[in-house]
Amino acid sequence: MIQITKNWYEILRPEFEKEYFKKLQAWLNDEYSKYNIFPPYNQIFNALNRVKYNDVKVVIIGQDPYHEIGQAMGMSFSVPEGIVLPPSLKNIYKEIEDEFGITCNKSGDLTRWAVQGVLLLNAVLTVREGQANSHKGKGWENITAEIIKKLNERTDPVIFLLWGKNAKEFESLITNKNHFVLKSAHPSPLSAYNGFFGNGHFKKCNEILISLNKRPIMWE
């Protein structure tokens with residue numbers, strides 16, 4: 001079984017009982033038995049396992065996991081300690097440093113954000129080695145959409161950071177006026193200079209949190 005905390009399991013149980021998810025799980029078992037699939041099976045729901053539903057303050061939606069050995073750890077944009085920073089994460093750090101005039105932690109492990117209430121959610125939660133988007137359209141997007149819908153139901157505000165076309169496709173699910181949506185280009189080197197750099201999202205996030213009497217995120 002895929003490992004997920006009771007907190008999120010109870011919230012998503014109806015999805016896990018649907019036929020599409022049973023087919024997805026059977027297909028994943030086959031994929032993991034035949035190919036190098038990332039992240040490790042026990043880390044697929046790492047993003048959810050790091051922050052409880054009621055503790056989510058900020059959601060950052062990524063595309064799919066990094067597809068090279070040792071990179072993916074079940075949280076969007078995050079890589080384990082000691083792994084070279086991928087280009088998108090380098091650009092995220094650059095934007096943070098420019099906004100706050102600080103130097104970011106050299107580690108790419110963003111667990112330090114997750115434990116503060118940042119849900120680092122990919123649209124697709126698994127990938128085959130060396131093949132970006134190889135698990136797209138297999139059913140993961142239904143789970144991601146359900147997570148966003150459940151967060152949308154909260155009266156307690158959530159800040160959604162939608163970077164790039166894929167993330168913005170989920171905007172229509174965020175209908176509750178209590179929540180905040182910040183949009184820009186993706187931090188990838190292909191698009192970062194088209195609106196990601198200078199978006200001010202990290203400072204804006206903290207300003208919103210402070211206005212809500214919540215502790216701001218330490219983005220270092």
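1. Let's start with two helices. Helix α2 (residues 19-34) packs with α6 at an angle of about 130°, and their axes are 10 Å apart. That puts α2 oblique to α6, because an angle has to be over 145 degrees to count as roughly antiparallel. Keep in mind throughout that this is a predicted model.

2. Which residues make the contact between α2 and α6? From α2 you have Y20, F21, L24 and L28, and they meet W140, N142 and I143 in α6. By class, the contact of α2 with α6 comes out at 6 nonpolar residues, 1 polar and no charged.

3. Now for the sheet. The model has an open sheet of 4 strands, ordered β3-β2-β5-β6 and paired in parallel. At the edges sit β3 and β6 (180-184), each pairing on one side only. On average, neighbouring strands of this sheet are turned by 20° against each other, if you ignore direction. As a reminder, strands of a sheet pair through backbone hydrogen bonds, either parallel or antiparallel.

4. Strand β2 (residues 58-62) runs parallel to strand β5 (residues 159-163), and the two pair over 4 bridges.

5. Another helix pair is worth a look. Helix α4 (residues 87-100) and helix α8 (residues 201-211) pack with their axes 8 Å apart, at an angle of about 60°. The two are therefore oblique to each other; roughly perpendicular would need 65 to 115 degrees.

6. What does the contact of α4 with α8 consist of? On the α4 side there are I92, E95, I96, E99 and F100, and these meet H201, F202, K203 and N206 in α8. The classes here are 4 nonpolar, 2 polar and 3 charged, whereas the contact of α2 with α6 has no charged residues.

7. How many cavities of 30 Å³ or more turn up in the whole structure? The search finds 1. The largest cavity has a volume of about 40 Å³. Its lining is made up of I44, F45, N46, A47, L48, G74, L120, L121, N122 and L125. Both α3 (46-50) and β3 (118-122) supply at least two residues each to that lining. Sorted by class, the lining of the largest cavity has 7 nonpolar residues, 3 polar and no charged.

8. Then there's the largest pocket, with about 370 Å³ of space. Its lining takes in 21 residues, and D64, Y66, F77, S88 and H186 are the ones nearest the centre of the pocket. That lining splits into 10 nonpolar, 10 polar and 1 charged.

9. F38 and P39 are joined by a cis peptide bond, with omega about -5°. You'll find P39 in the loop between β1 (37-38) and α3. The other is N133, which isn't a glycine but has a positive phi of about 65°. Look for N133 in the loop between β4 (127-128) and α6.

Notes. Residues are numbered from 1 along each chain as its sequence is written. This is a predicted model: local features need pLDDT of at least 70, side-chain atom pairs count only at pLDDT 80 or more; totals for chains, interfaces and linings use all residues. Side-chain values use heavy atoms; hydrogens and water are left out. Axes are lines fitted to C-alpha atoms, for helices over the stretch in contact, and angles run from 0 to 180 degrees between N-to-C directions. Angles under 35 degrees count as roughly parallel, over 145 as roughly antiparallel, 65 to 115 as roughly perpendicular and the rest as oblique. Contact means heavy atoms within 4.5 Å. Ala, Val, Leu, Ile, Met, Phe, Trp, Tyr, Cys and Pro count as nonpolar, Asp, Glu, Lys and Arg as charged, and the others, Gly among them, as polar. On a 1 Å grid over the protein atoms alone, a cavity is a set of points where a 1.4 Å probe fits but cannot get out, and a pocket is an open set with protein on both sides within 12 Å along at least five of seven lines; lining residues have an atom within 4 Å of a point. Grid points are joined across faces, edges and corners, and a volume is the space filled by probe spheres set on the points. Two strands pair if DSSP finds at least two bridges between them.
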